[in-house]
Amino acid sequence: MEQKVRRIGVLTSGGDAPGMNAAVRAVVRAAVGRSIECIGIRRGWNGLITNDFVRMGNITVSHIINKGGTVLYTARSDEFMQVSGQDKALATCKLLGLDAIVAIGGDGTFRGALDLSRRAAEKGYALQVAGIPATIDNDIGCSHYTIGFDTACNTAIECIDKLRDTMQSHERCSVVEVMGRHAGYLALNVGLSIGATAVLVPERELDFDQDVVENIRRARLAGTTHFMVVVAEGAGSALEIGQRIHDEIGLDPRVTVLGHIQRGGAPTMQDRVTASRMGYTAVQAIIEGKGNCVVATKEGRLVIIEMEEALQMKKDFDMNGYAILEALTNNHSAR
Ligand code: F6P
């Protein structure tokens, strides 16, 4: 049943991800198209605490679909984790007359949203919250895909392809650390895409001899003279792995930590389209009074999941993808 929704707040929170702007644009345009006012909350949940907002309209979100980062700025708010911070945020919601908030970010962002909505209910204020998963780590349990992941993978791939040129010329070993926090999705997909010699992810216990040394050995025996090792930041430090390779088999690796470059850049088609669809659907869910929910993806389709349930969901690591990576890496001797 459709609800009377007059005003929606939209914010981005946590680490930025390419495609967040496309999601903000979609939320604003979907709301305005249904005669709902849209208020941009700046600097994540902090903006609700400090009354930091901007009125948004169709024109304010023109020409941002192609931009990385977030025009609303982002932050991780410690104060909002406390009930006192949530009460301040709630006061702003009341002052501005917000009926709902669309929160674009990771599961920390969604936990905050749920806490705020519960606190509002305790105080007799009806506030719907809808979450849109956006993080380059792709580590949100309820959603197969998170906005920003494809762009970040492609950025890392482009960088590593360049590294390979020089590694190949000097017949060297490259050890590259990619982001991902505690997850190895970025490393696995980047590793598959660049044809890595070895990929280290936190989801698999490392057997250094088998996973690194043997892979390099096989590649060398097959005639390869340069080696590309990808390390997920959650699996260890590339510097330490590089040192170990040096100590155990005498190579002289060059270590590169890709770092925050992976968070920037123009979003890819996949991130723009996913963000647009999720933003539109989040507003639709609010209008339909679906309450607290996350707009997620499941096997390529959008699904709306109740937020409490969404926060309990776990995502299995793509072990099949890892097996494919290994099969394609370790078959040199069959040449
Ligand atoms: O969650 C996104 C992410 O880029 C992670 O991959 C990384 O571990 C972390 O954020 C870095 O955070 P910060 O920008 O605070 O250094």
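All 6 of the 6 residues of strand β8 are buried, so β8 is largely enclosed by the rest of the structure, where buried means under 20% relative accessible area, exposed means over 50%, and partly exposed covers what lies in between (1.4 Å probe, protein chains only). The strand, like every helix and strand named here, is a DSSP run numbered from the N terminus, with helices being H or I runs of at least four residues and strands being E runs of at least two. The model is a predicted one, in which local features need pLDDT of at least 70 and side-chain atom pairs count only at pLDDT 80 or more, while totals for chains, interfaces and linings use all residues. Residues are numbered from 1 along each chain as its sequence is written, and side-chain values use heavy atoms, with hydrogens and water left out.

Strand β8 belongs to an open sheet of 4 strands, arranged in the order β7-β8-β6-β9 with parallel pairing. At the edges stand β7 (198–200) and β9 (254–257), each of which pairs on one side only. Averaged over the sheet and with direction ignored, neighbouring strands are turned by 15° against each other; such angles are taken between axes fitted as lines to C-alpha atoms, for helices over the stretch in contact, and run from 0 to 180 degrees between N-to-C directions. Two strands count as paired if DSSP finds at least two bridges between them. Strands of a sheet pair through backbone hydrogen bonds, either parallel or antiparallel.

Going through the pairs, β7 and β8 run parallel and are joined by 3 bridges, with Val199 standing opposite Val230 in β8. Strands β6 and β8, also parallel, are joined by 6 bridges, and Ser174 has Met228 as its bridge partner in β8. Strand β6 (residues 173–178) pairs with β9 in the parallel sense over 4 bridges, and there Val176 has Thr256 as its bridge partner in β9. Helix α5 (residues 149–170) packs on this sheet, touching β6, β8 (227–232) and β9, and its direction makes about 165° with that of β6; contact here means heavy atoms within 4.5 Å.

The loop between β6 and α6 (185–194) holds Arg181, a residue with a positive phi of about 55° although it is not a glycine. At 41% relative accessibility, Arg181 counts as partly exposed. Arg181 is also among the residues that surround the ligand, together with Arg76, Thr135, Ile136, Asp137, Met179, Gly180, Glu233, His260 and Arg263, a residue being listed if one of its heavy atoms lies within 4 Å. Between an oxygen atom of the ligand and an N or O atom in the side chain of Arg181 the distance is 3.3 Å. The corresponding distance is 2.6 Å for the side chain of Asp137 and 2.9 Å for that of His260. Taken alone the ligand exposes 400 Å², of which the protein buries 75%, the areas coming from the Shrake-Rupley method with a 1.4 Å probe and, for residues, with only the protein chains shown counting as cover.

Two other loops contain buried residues. Ser13, in the loop between β1 (7–12) and α1 (20–33), counts as buried at 6% relative accessibility. Leaving aside neighbours within four places in sequence, Ser13 is in contact with several residues, including Met20, Trp45, Thr74 and Thr109, and its side chain makes a polar contact with that of Thr109 at 3.3 Å; a polar contact is a pair of N or O atoms within 3.5 Å, where within protein one must be able to donate a hydrogen and the other to accept it, and residues adjacent in sequence count only if both atoms are side-chain atoms.

Pro267, in the loop between β9 and α9 (269–287), counts as buried at 4% relative accessibility. Although Pro267 and Asn21 are 246 residues apart along the chain, their C-alpha atoms are separated by 9.2 Å. Beyond neighbours within four places in sequence, the contacts of Pro267 include Pro18, Ile65, Thr151 and Arg272. Within helix α9 itself lies Thr281, which is buried with a relative accessible area of 17%.
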